[in-house]
Amino acid sequence: MTQSAEVSQDGVITGPPGPARKNFMDRFIDSIEWVAAFFVGVVALNTFLAVFMRKFFAVTIPDYYNFGQFLLGILIFWGIAATSYRGTHITVDLVWANVRPRYQRWIDIFATLVLLFVVTVQTYTLIDKVIDTKNGHIVTMDLGVPIWPFFLVSWLGDVSAVLLIAIRTWRLIFHPEDIHDAKIKTAE
């Protein structure tokens with residue numbers, strides 16, 4: 001059901017409110033989520049093509065298994081980035097659900113700071129893996145494709161996770177009204 005436009009006494013045409021305008025941060029967050037969604041599609045396509053070619057044509061795509069592993073790693077790190085900001089990952093909030101909203105916010109801030117620390121350390125340590133893989137000239141078995149770019153894209157997903165968790169922390173502390181978490185029903 002759509003609302004029709006009306007004319008006010010001042011002669012101004014009014015209608016239903018338009019979509020909320022997104023700021024730069026919201027568009028940045030959405031773009032990272034789209035990248036994660038893209039990699040879900042790429043992993044699914046790789047798997048489908050490999051099974052289809054093997055089943056109907058008895059042909060194995062060279063390095064499909066290696067590419068699948070590397071793409072899955074990319075998907076995991078970009079998925080961490082996407083879920084870390086939204087707060088829609090699986091959680092067990094027994095204490096959080098039973099305290100007042102003020103304390104819920106403090107618990108959210110503490111948990112997000114811990115997550116920020118852990119993912120930052122992980123990101124710092126993973127860059128060594130990217131550098132070592134590049135310097136080691138490690139390639140795939142069949143096609144001889146260097147694997148360090150896959151590691152680099154995974155690491156960029158981890159960097160994105162750090163950025164999004166930092167944005168979430170900032171918003172939790174200074175602009176809690178900008179957090180768009182899924183609403184959780186408190187325990188009864």
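1. Basis. The model is predicted: local features need pLDDT of at least 70, side-chain atom pairs count only at pLDDT 80 or more, and totals for chains, interfaces and linings use all residues. Residues are numbered from 1 along each chain as its sequence is written, and side-chain values use heavy atoms, with hydrogens and water left out.

2. Secondary structure. The protein chain holds 2 strands and 4 helices, in the order β-β-α-α-α-α from the N terminus. These elements are DSSP runs, numbered from the N terminus (helices: H or I, at least four residues; strands: E, at least two).

3. Burial and surface. Of the 188 residues in the protein chain, 28% are buried, that is, under 20% relative accessible area with a 1.4 Å probe, protein chains only. The accessible surface is about 13100 Å², and carbon and sulfur atoms account for 68% of that surface; the areas come from the Shrake-Rupley method with a 1.4 Å probe, and for residues only the protein chains shown count as cover.

4. Contacts. A contact means heavy atoms within 4.5 Å. Among contacts between residues at least 6 apart in sequence, 73% join residues at least 24 apart.

5. Trp 78. Leaving aside residues up to four places away in sequence, Trp 78 touches Ile 32, Val 35, Ala 36, Phe 39, Val 153, Leu 156, Gly 157 and Ser 160. Ile 32 is 46 residues from Trp 78 in sequence, yet their C-alpha atoms are 7.5 Å apart. The Trp 78 side chain also reaches the backbone oxygen of Val 153 at 3.0 Å.

Conventions:
Buried means under 20% relative accessible area, exposed over 50%, partly exposed in between (1.4 Å probe, protein chains only). A polar contact is a pair of N or O atoms within 3.5 Å; within protein, one must be able to donate a hydrogen and the other to accept it, and residues adjacent in sequence count only if both atoms are side-chain atoms.
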